Amino acid sequence: MSDDILARFEGLPPFSEIRVEAIEPAITDRIEANRAALDRLTDAADPPTWDNLVAPIEAMEDRLERSWAPVRHLNGVASSPELREVHNRCLEKLTAYYSEKAQHPGLFRAFKAIAEGPEYARLDAVQRKVIDDALRDFRLGGIDLPEAQRDRFRAIDARLAELESRFEQNLLDATDAWSLTVTDPARLEGMPESVRDLARSAAEQRGVEGWVFNLQAPSVIGVLTHAADRALRREVYTAFTTRASDQGPHAGRWDNGPVMAEILRLRREKAELLGFGDYARLSLTTKMADSPEAVLEFLDDLAHRAGPIARREFDTLAEFARENGGPEALEAWDVAYWAERLRQSRYALSQEELKPYFPVECVLDGLFAIVGKLFGVRVAEREGVDAWHPDVRFYALEDADGRPRGGFYLDLYAREHKRGGAWMDECISRRLTAEGIQQPVAFLTCNAAPPVGDRPALLTFDEVTTLFHEFGHGLHHMLTQVEYRPVSGINGVEWDAVELPSQLLENWCWEKRALDLVAGHYRTGEPLPDDLFDRLRRSRNFNAGMAMMRQLEFSLFDIRLHRETGADCEPATIQAILDAVREHVAVLQPPAFNRFQNGFAHIFAGGYAAGYYSYKWAEVLSADAFGRFEEYDVFDPLVGRDFLGCILERGGSRPALELFCEFRGREPSIDALLRHNGLVDGADGTGVDGS
Ligand SMILES: [Zn+2]
């Protein structure tokens, strides 16, 4: 057994002591130990029970996961060529191990014996859910296949893991590889100070004169939203939307096209081996939605409602641009820029005007105060916790009775070698051990612009809502009261219901009483002025139709891709499906060089395959759940405690629909989503979420 720290640490991962060269031996040893234990446990003569089989397996899986989680996380937020290589080799071994486990005949027999024997009646409902889910997963892991097909199935899983990881690396490399140095200050026209400062500090870091723009989100968004220089916008847009593709400045260098095509071919083959017609159908067997048809119908219905609104919004925008010295016809790199001008002219509201009110400390204090009111939890920073970067902080969570409920790492700022976007990942899961409850710990990751000079980091309003969103996921993970890892926190929750807590929490960003806790001018501490809030609130549905159509474009593309591509899938097939979807829903056809799909990590590397619709699906739930708060009071502690007790604490211990009905007192209704998005007559002008 490896005696490395990674193999034996308890509690929080010792990040600074993790040596890259020790990772593979530690993980490999752990896998081997688990393999041996599986054989030993399933060879035992006693009839299998929860205590002699399920519990020890859960414990050893947990040990492996706790060792692997920090490695997986480091690979995402502090990548290096050495770490990446080790990560990939470990991932290969882990994938092989999990595929084997899913097809372990003795293990399957033992679970079946529990399900069919007297033990099942002795288990509580949560334990039964664990057994039922496991039996389902054995079938989805190919246990029922003839041997030759089982081998092929495992080979597919291994290759898929490799390809998905390659997709992500190509994207990261392509993102990091491009930058643009601007030396003529005239090219910065229109850019607010914050965007210039960011570019200036990027230039300083590289030791060059002028301003450096890159493909990290704050820089790209800064240029596309503010740069008056149209050629500059076009250049950044082109580099960004051709990342990891056969187009653009690095054409062919990290092309994800063949990777994506092979992923889709293999997913299809896997689905067919299991007897599903296509991958979408396989993907939906573990989700809340009944069938791909039900998903398509849901998406088409929304497209039908939002389409005319989106087209009107676009026409208005195009006309506004023409009347104000803009181009005759808007191109893709013009939309964000003119939308921002129109927003300013209509609501006298600029993103930049809001930013000084959202210094990061103030936002965090406000967020913690809000979840304190709603769910009775207290959040306190803990100093001196070992992490992977000096900007990272650690917080501990306590409930109203002062009992510890978990903790989280917060990594807020964009930097090189860190994956883009925002996400929550598990570090430690809650479960009952021989020593008592193991407290859950989460990784919360954002990519906001870092502080520049001695001015604190100021968040855009979008970044504020994103932080609330990820914190919602974090609460789901940390506040769970479930004692078995496979269904604690977000584990075992249907994927298309997972966004319920995260999207629910975003709603408080639009409530004045909540924002008063969140906002405070970084120089004066002054709260967000009423008038500014009114303008913000009125602008909530600004271009909400277009935003909705964009989400529907991604969702429809994803679900159609996983229904319609087969053994002959090529990059051109993918493009053709995307073109067809855009024909149907896009208000502006992007240029032919656009390769958005080559950077669509959600579905090619992030677990959302045939599941991107989940954002909209769960928004039905989150909007409807928030409706209950609206009916009483957005800070009603009883409604908050109900949400805590019915949803946040229950994890995947019961089907999401049942839990929702328990909270809402009825089945979900789409009305609140339509109302919040301005898609019904008499809508109240509140808006679309930032998923
Ligand atoms: Zn989310």
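**View 1. Asp-176 and the residues it touches.** In this predicted model, Asp-176 touches Gln-216, Glu-416 and His-417, when residues up to four places away in sequence are not counted. Asp-176 itself has its place in helix α8, which covers residues 147–177. As a reference for distance across the model, Asp-176 and Arg-8 are 168 residues apart in sequence and 35 Å apart in space, taken from C-alpha to C-alpha.

View 2. The protein donors of the zinc ion are the NE2 atom of His-469, the NE2 atom of His-473 and an OE atom of Glu-499, lying 2.1 Å from the ion. Along the chain, these donors follow the spacing H-x3-H-x25-E. Both His-469 and His-473 belong to helix α18, made of residues 461–478, where they sit 4 residues apart, or about one turn of the helix.

View 3. Side chains of opposite charge can pair when their charged atoms come close. Glu-293 forms a salt bridge with Arg-563, and the closest N and O atoms of this pair are 3.4 Å apart. Because Glu-293 lies in helix α14 and Arg-563 in helix α22, the pair ties together parts that are 270 residues apart in sequence. The count of salt bridges comes to 65.

**View 4. Where domain 3 meets domain 4.** The chain is divided into four domains, among them domain 3 (257–348 + 544–612) and domain 4 (356–542 + 615–676). The C-alpha centres of domain 3 and domain 4 lie 27 Å apart, and 25 residues of domain 3 are in contact with 20 residues of domain 4. Between them the two domains bury about 2,200 Å², with 68% of this area on carbon and sulfur atoms. On the side of domain 3, Met-288, Phe-298 and Tyr-347 lose the most area to domain 4, and together they account for 35% of what that side buries.

Note on methods
Residues are numbered from 1 along each chain as its sequence is written. This is a predicted model: local features need pLDDT of at least 70, side-chain atom pairs count only at pLDDT 80 or more; totals for chains, interfaces and linings use all residues. Side-chain values use heavy atoms; hydrogens and water are left out. Domain bounds come from an automatic or database domain assignment. Contact means heavy atoms within 4.5 Å. Buried area is the accessible area (1.4 Å probe) that two parts lose on being put together, summed over both. Donors are N, O and S atoms within 2.8 Å of the metal (3.2 Å for Na, K and Ca); water is not among the atoms, so sites may look incomplete. Helices (H or I, at least four residues) and strands (E, at least two) are DSSP runs, numbered from the N terminus. A salt bridge is a side-chain nitrogen of Lys or Arg within 4 Å of a carboxyl oxygen of Asp or Glu.
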